[in-house]
Every structure is written in C-alpha cells, then in structure tokens.
Amino acid sequence: MSDRHILTAVAWPYANGPRHIGHVSGFGVPSDVFSRYHRMAGDRVLMVSGTDEHGTPITVAADAEGVSPREIADRNNRVIVDDLQSLGLSYDLFTRTTTANHAAISQEIFLGLLKNGYVFPKTTLGAISPSTGRTLPDRYIEGTCPICGYDGARGDQCDNCGNQLDPVDLINPRSRINGETPRFVEEEHYFLDLPAFTRSLGDWLDSRRGWRPNVLNFAKNLLTDLKPRSYTRDIDWGVAVPLDGWRDRPDKRIYVWFDAVVGYLSASIEWARRSGDDDAWRQWWQTPDSDAYYFMGKDNIVFHAEIWPAQLLGYDGEGDKGGTPGSLGRLNLPTEVVSSEFLTMEGRKFSSSRQVVIYVRDFLARYDADALRYFIAAAGPESQDTDFTWAEFLRRNNDELVAGWGNLVNRTVSMAAKNVGAVPTPGELTDADRALLSATQGAFGPIGELLARNRQKAAATEAMRVVGEANKYLSDQAPWKLKEDPARRDTVLHTALQAVSDCNALLTPFLPHSAQKVHELLGGTGTWSPVPRIEEVTDLDDGSPYPVITGDYGDAQAVWASRPLPSGTPLAPPTPVFKKLDESIVADELRRLEGDE
Ligand SMILES: [Zn+2]
C-alpha cells in the first residue's frame with residue numbers, strides 16, 4: 001500500500017425522497033469508480049457521505065403529513081441507504097447530518113470562523129406573525145419570487161428558479177398559516193464574510209490543475225461578486241447556534257447548506273471514532289500527501305468551490321483577516337471539485353412531480369446494478385448534459401456488455417472447461433499471442449491515468465476497445481478448429497484466459513458485481529471486488545439507532561495490474577455474466593414514463 005491518502009467526498013443526497021438515476025449519475029457512480037480504482041492501485045481511500053436532512057423542504061413535508069421532521073428524515077435516510085448500497089457504492093461511511101457528532105463538528109466550524117472574525121452578527125429584517133408576535137419561520141412565508149416572478153416562492157428559496165432567497169426579498173409576502181402579511185422587525189443573524197475570501201479563494205483556484213474547464217470557469221466567475229451570506233436562519237429544524245442566548249432558541253438554526261458541507265469532515269471523524277482510532281481522520285485532512293476529490297452535479301458547484309472552501313479558509317485563519325486554526329487544527333482544501341453535468345430523460349428534465357423520473361430502486365428491480373453503472377460511466381453526463389434513452393441503454397447492455405465483454409468471458413471459459421477442465425498450460429507463444437498480452441497488460445497504465453483524472457468515459461471506452469481486441473484474437477486464432485493440435489489450442493486458450501483476467505481487472509471499477517463473478521469463473525475464490533454492506537449502528541453520543549453503509553475494502557484481491565493466471569486452476573462450465581434484454585423493454589419503459597400503466 002502507498003502512503004497516498006485520498007478522500008473521496010461524495011455529495012450528500014437530500015432526504016426528502018428517493019433518489020433517481022439522474023442523481024446517482026452526478027455524485028454516485030463516478031465517485032465509486034474513482035474510489036475503486038484508487039484502492040486497486042494501492043492508495044488509501046476514505047469515501048464518505050450521508051443524507052442531508054435539515055432545511056425547509058423536510059419541514060414542509062413533515063407539516064404536510066402531520067409528522068415530525070425526524071420521521072421524514074428517518075424514512076428517507078433508510079430508502080436512500082438501501083438504494084446506494086444496492087448500486088454497490090463502496091462508502092467507508094455513509095451517515096447522516098442528524099447525528100450528535102455532526103452537530104458538534106458543525107458548531108466547532110462556526111465557532112472557529114467566529115473566533116477569526118469571518119462570521120459576524122448583523123442586524124437584518126426578520127419576519128414575525130402580527131397575530132401571535134412570534135417569529136415566522138422561512139418556510140411559512142410565501143410570495144412572488146423577485147428573480148423569476150413565480151408566485152409560490154418560499155421565504156428561503158424559489159422552487160421554480162432554484163435561487164436562494166431571504167423572506168424580505170419576496171414580493172407580496174404572506175403567511176402560509178393564515179394568509180396575513182408578516183411584519184418585518186430588526187433582529188440579529190450571523191453572516192459569513194465571503195468578500196474576505198476573494199483573494200484566498202482566487203489563489204486557491206489559480207493553483208488548481210486538471211479541473212474540468214467548465215467547473216473551474218464557473219468557480220472563478222463566482223469570485224467577481226461575493227457578498228456576505230446569512231449563516232443562521234429562522235427555522236426550528238437544524239443545528240443549534242452554539243452561543244449564549246441562541247443555543248436554546250427554538251427558532252434559530254445554522255443554515256442547512258452551511259452544515260451539510262461540514263458533513264465531509266464530520267463523517268470522516270465519525271468513521272475514525274467508529275474505527276477505534278479517534279485521530280485516524282487526520283491523515284486525510286491534515287497531511288500534505290493527501291488529496292481530496294469532491295463529487296457532485298453542477299447545481300452544487302457553488303457550495304463546493306466557494307462556500308465550503310471559504311469555511312475551511314476561515315477556520316484555518318487564511319482569509320484577509322488572518323487568524324489561527326481552530327481546535328481541530330488546520331484543514332485541507334479540496335484538491336478538485338469534480339462536477340458532472342445534468343442527465344435528462346428521453347429529452348426531458350427529470351421531474352418527480354411531472355413523473356419524468358425513474359428511481360434507483362425501480363431501476364434495480366428490473367435491471368442489474370452493473371448495467372446502470374456501465375451506462376453512467378460510458379455514456380453519462382461527465383462533461384456535458386446527456387440524455388438517457390432506453391434505446392441507448394438497451395444497446396449498451398446488449399452490444400457492449402452481453403455481446404462484447406460477456407461473450408468473450410463465456411466463449412473462453414467454456415472452451416477451456418470443456419477441453420481441458422482447467423486453465424491450460426501454454427506452449428511457446430506466437431507473435432499474435434504476445435501482441436494480445438502486450439495490449440491487455442499495456443492498458444493498465446493509460447486507463448489508470450484516465451481514471452485518476454476522472455476521464456471515466458474515455459477509460460470505459462478504452463477498456464472496451466481492449467475487450468474488442470481479445471474478441472478479434474479469439475476469432476482469428478479459432479481454437480475450436482484446433483482439435484488436431486491440442487498444444488496450440490491450449491496456448492491460445494491460455495492466452496485468451498489471461499486476457500480475460502486482465503480485462504476483468506480493467507473493468508472492475510465500473511462493474512464490481514460482475515467482476516466478482518468473472519473472478520470466480522476463472523477459478524478464483526474469496527473476495528475480488530468487495531460490495532458495501534448496511535450496518536445498524538447507534539449514535540456515538542446520543543444512542544439513537546440508524547443504518548450506515550460501510551465495508552471491508554482493504555483485503556480485496558483486486559489490484560490494478562496484470563496477474564498471471566495459474567495453469568491447472570480448475571474451471572467449470574460458465575453461466576452468463578450479463579442478462580440480454582429484450583427489445584420490448586424500450587416500449588414498456590416509455591409507456592411507464594407516459595404514465596399509461
Ligand atoms: Zn424564482
């Protein structure tokens with residue numbers, strides 16, 4: 001194992017409902033392919049995330065159902081945990097933002113920023129209900145959006161244009177409880193002094209190498225107009241503000257976005273505490289040889305390329321006002337913000353309300369996880385908006401996975417099993433044999449480089465090109481015609497099996513479930529590519545139960561290198577690795593999408 005530490009920080013899915021395949025194509029599959037590759041290459045990966053459970057949409061859903069926000073969060077946390085585990089996403093820890101640990105770390109970051117002067121109190125206008133005299137939380141105020149003119153905008157955000165708002169910005173504000181016009185009175189809130197980071201954020205962005213150009217340009221553009229942003233909000237669901245006179249107030253909380261991004265750190269600390277070494281997280285956050293890659297869809301760039309780095313710079317004392325690191329010590333900034341573009345669905349934007357959607361769970365009820373993972377990696381929205389069509393999904397599955405890769409595995413293993421019953425012993429190699437082996441062995445370098453740079457589309461394409469070479473070799477050498485020359489036949493089959501073994505390693509980051517199957521078809525035993533598991537745990541501080549995703553990834557056999565396949569390993573007749581899909585699924589799925597069922 002190398003000493004290189006890699007933090008894979010995966011965007012936190014919001015716990016207001018199940019996730020659809022557009023979501024997991026942005027943050028989920030790309031972060032897992034990246035982590036699996038680095039683990040195979042011997043790097044020490046820590047992959048963390050969890051459900052983001054605070055904020056107004058959760059409280060609105062709770063109000064609508066007449067239940068507590070915690071009940072909504074509990075229910076959706078479990079659904080999301082199940083879905084992400086089923087996709088094989090290999091989190092070291094997938095937790096949630098409602099843990100006591102997360103609240104404590106969020107408060108520590110707030111206090112560190114306050115100590116260095118980057119969070120400051122400011123008198124602002126807050127809404128109260130004239131009839132009760134009490135604070136009216138942001139979600140109970142509705143009005144016309146000043147940006148897009150949508151009439152149902154809420155006090156904290158407009159669901160039509162997605163902009164974050166303050167209640168005082170709304171045109172014709174009214175209470176959603178009784179329709180009265182709120183009264184705005186002066187009150188105190190805390191603000192993050194973003195302009196104090198214009199220079200340090202600029203220096204950090206200028207020193208970045210290898211980012212996707214659209215992400216870097218977007219992030220640099222944000223710096224042209226930084227304004228202080230409110231760190232606390234009028235809401236009764238969230239992390240308490242850790243100050244005297246504020247701590248016990250039910251109506252003031254830390255703004256959900258400012259606590260959600262702290263989750264990368266708090267989840268790393270929770271992972272360390274659960275591992276039995278409370279300080280283990282420091283190797284990923286505080287050593288110079290560690291790197292941190294953040295994965296998300298492009299709607300979250302602002303929070304990962306501006307807000308979170310500003311919080312870290314302020315905590316470290318590295319903005320314009322100087323300062324010293326807080327009690328956790330200096331924390332590393334992101335190495336790269338790896339943002340995907342959007343996935344659309346048959347030419348339309350995903351929309352749960354308009355039924356233009358397919359949830360992960362429904363997808364996995366009908367198709368294999370690896371088929372979806374492969375589509376996302378090979379044809380997903382890596383650097384431009386991309387359309388998911390069922391016809392293309394069917395084509396990728398049937399032509400590339402079944403007829404390409406699956407067929408190579410099946411033909412090779414079944415001929416060896418039938419003729420020899422084991423991995424044959426090769427004789428002298430011909431030029432053609434050596435050419436194929438040098439192609440498969442030579443692919444680890446370039447494909448590994450592409451995966452390290454998150455060029456996953458190119459990496460998947462290149463791996464499949466190597467599979468194509470192996471298929472061509474098999475057709476050219478035609479071992480089924482070599483009945484009279486068993487020595488040559490065995491050499492061809494051994495060469496082809498070695499190529500299958502190499503290709504299987506190259507495809508393991510994309511296809512962990514089928515890679516395990518292929519490992520076993522080649523006579524391997526034990527864990528080749530580990531799958532994550534769900535574990536029921538209790539909160540380390542307050543004892544409440546919740547499920548986490550975790551796993552033992554360190555003792556897997558998969559390595560990023562060609563490994564010689566030992567002659568004589570017994571082989572049994574193979575079963576198909578991938579399922580061929582019937583063309584009728586396209587019409588069936590389109591009918592479901594139209595809601596005709
Ligand atoms: Zn709007």
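Biologist: How far does helix H17 (residues 486–507) reach from its first C-alpha to its last?

Modeller: Helices here are DSSP runs of H or I with at least four residues, strands are runs of E with at least two, and both are numbered from the N terminus. H17 has 22 residues and reaches 31 Å, close to the 32 Å expected. One caution: this is a predicted model, where local features need pLDDT of at least 70 and side-chain atom pairs count only at pLDDT 80 or more, while totals for chains, interfaces and linings use all residues. Residues are numbered from 1 along each chain as its sequence is written, and side-chain values use heavy atoms, with hydrogens and water left out.

Biologist: How many of the residues of H17 are buried?

Modeller: First the cut-offs: buried is under 20% relative accessible area, exposed is over 50%, and partly exposed is in between, using a 1.4 Å probe and protein chains only. In H17, 20 of the 22 residues are buried, so the helix is mostly covered.

Biologist: Which residues other than glycine have a positive phi?

Modeller: Asn172 is one of them, at about 50°; Glu346 is another, near 50°. Asn172 sits in strand S7 (residues 171–175) and counts as exposed because its relative accessibility is 56%. Glu346 belongs to the loop between strand S14 (343–345) and helix H11 (360–366), and at 24% it counts as partly exposed.

Biologist: Which helices do the buried residues of H5 pack against?

Modeller: For packing, think contacts, meaning heavy atoms within 4.5 Å. Helix H5 (residues 198–206) buries Ser200, Leu201, Gly202, Trp204 and Leu205, and these pack against helix H6 (213–222) and helix H10 (301–316).

Biologist: What does Phe197 touch?

Modeller: Leaving out residues up to four places away in sequence, Phe197 touches Tyr118, Leu192, Gly202, Ala310, Leu313, Gly314 and Gly319. Phe197 lies in the loop between strand S8 (183–192) and H5, and at 0% relative accessibility it counts as buried.

Biologist: On to the metal. Which residues coordinate the zinc ion?

Modeller: Donors are N, O and S atoms within 2.8 Å of the metal (3.2 Å for Na, K and Ca); water is not among the atoms, so sites may look incomplete. For this zinc ion they are the SG atoms of Cys145, Cys148, Cys158 and Cys161, at 2.3 Å. Along the chain, the donors follow the spacing C-x2-C-x9-C-x2-C. Cys145, in the loop between strand S5 (141–144) and strand S6 (153–154), is paired across 16 residues with Cys161, in the loop between S6 and S7. Cys145 is buried at 1%, whereas Cys161 is partly exposed at 31%.

Biologist: Why is the arrangement of the four donor atoms tetrahedral?

Modeller: Ideal angles are 109.5 degrees for four tetrahedral donors. Four donors count as tetrahedral if all angles lie between 85 and 135 degrees. Around this zinc ion the angles are 106 to 114°, which makes the arrangement tetrahedral.

Biologist: Zooming out, what radius of gyration does the protein have?

Modeller: The radius is taken over C-alpha atoms, and the globule rule is 2.2 Å times the number of residues to the power 0.38. For 597 residues a compact globule would come out near 25 Å; the protein has 27 Å, which agrees. The C-alpha trace spans about 95 × 55 × 45 Å along its principal axes. The secondary structure comes to 19 helices and 17 strands, and 58% of the 597 residues are buried.

Biologist: What share of the contacts with a separation of 6 or more comes from residues 24 or more positions apart?

Modeller: They account for 77%.

Conventions: Tetrahedral: all angles 85-135°; square planar, octahedral: opposite > 155°, others 65-115°. Expected span 1.5 Å × (residues − 1).
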